[in-house]
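Thanks for coming. I have one structure to go through today, so please look at the screen.

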Amino acid sequence: MCNQVQVLVPTRNPGRLWDVWLSALASQRPAVDGFIVDSSSNDGTNFSSLPCGLQLISIPVTEFNHG
């Protein structure tokens with residue numbers, strides 16, 4: 001049985017609830033790891049304090065196409 005959960009979270013300007021969402025994700029058990037893929041957020045969202053196990057990948061907005 002696998003006890004690991006991995007996520008891939010696409011973002012763009014996640015806004016004021018970003019910190020609430022990160023806190024909820026960090027409290028999950030088993031621990032969650034994976035990637036945040038941000039497509040050129042420009043709303044001032046702070047991506048510098050991700051929970052342990054999450055990595056940030058930044059891409060140009062022109063490369064994100066929902067597919």
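Which residues form a nonpolar patch on the surface? Leu8, Phe35 and Ile57 do, with about 270 Å² of accessible area together. Areas come from the Shrake-Rupley method with a 1.4 Å probe, and for residues only the protein chains shown count as cover.

A word on the source. This is a predicted model, where local features need pLDDT of at least 70 and side-chain atom pairs count only at pLDDT 80 or more, while totals for chains, interfaces and linings use all residues. Residues are numbered from 1 along each chain as its sequence is written, and side-chain values use heavy atoms, leaving out hydrogens and water.

Back to Phe35, which lies in strand S2. Strands are DSSP runs of E, at least two residues, and helices are runs of H or I, at least four, numbered from the N terminus. Phe35 counts as partly exposed because its relative accessibility is 34%; buried means under 20% and exposed over 50%.

Now the inside. The largest nonpolar core has nine residues, including Trp18, Ile36 and Leu50. Such a core is a set of buried Ala, Val, Leu, Ile, Met, Phe, Trp, Tyr and Cys residues joined through side-chain atoms within 4.5 Å. Helix H1 gives the most, three residues.

Overall, the pattern along the sequence is β-α-β-β.

Methods: Buried means under 20% relative accessible area, exposed over 50%, partly exposed in between (1.4 Å probe, protein chains only). Patches are made of residues with over 30% relative accessible area and no salt bridge: like charges are joined within 9 Å, nonpolar side chains (Val, Leu, Ile, Met, Phe, Trp, Tyr) within 5 Å. A salt bridge is a side-chain nitrogen of Lys or Arg within 4 Å of a carboxyl oxygen of Asp or Glu.
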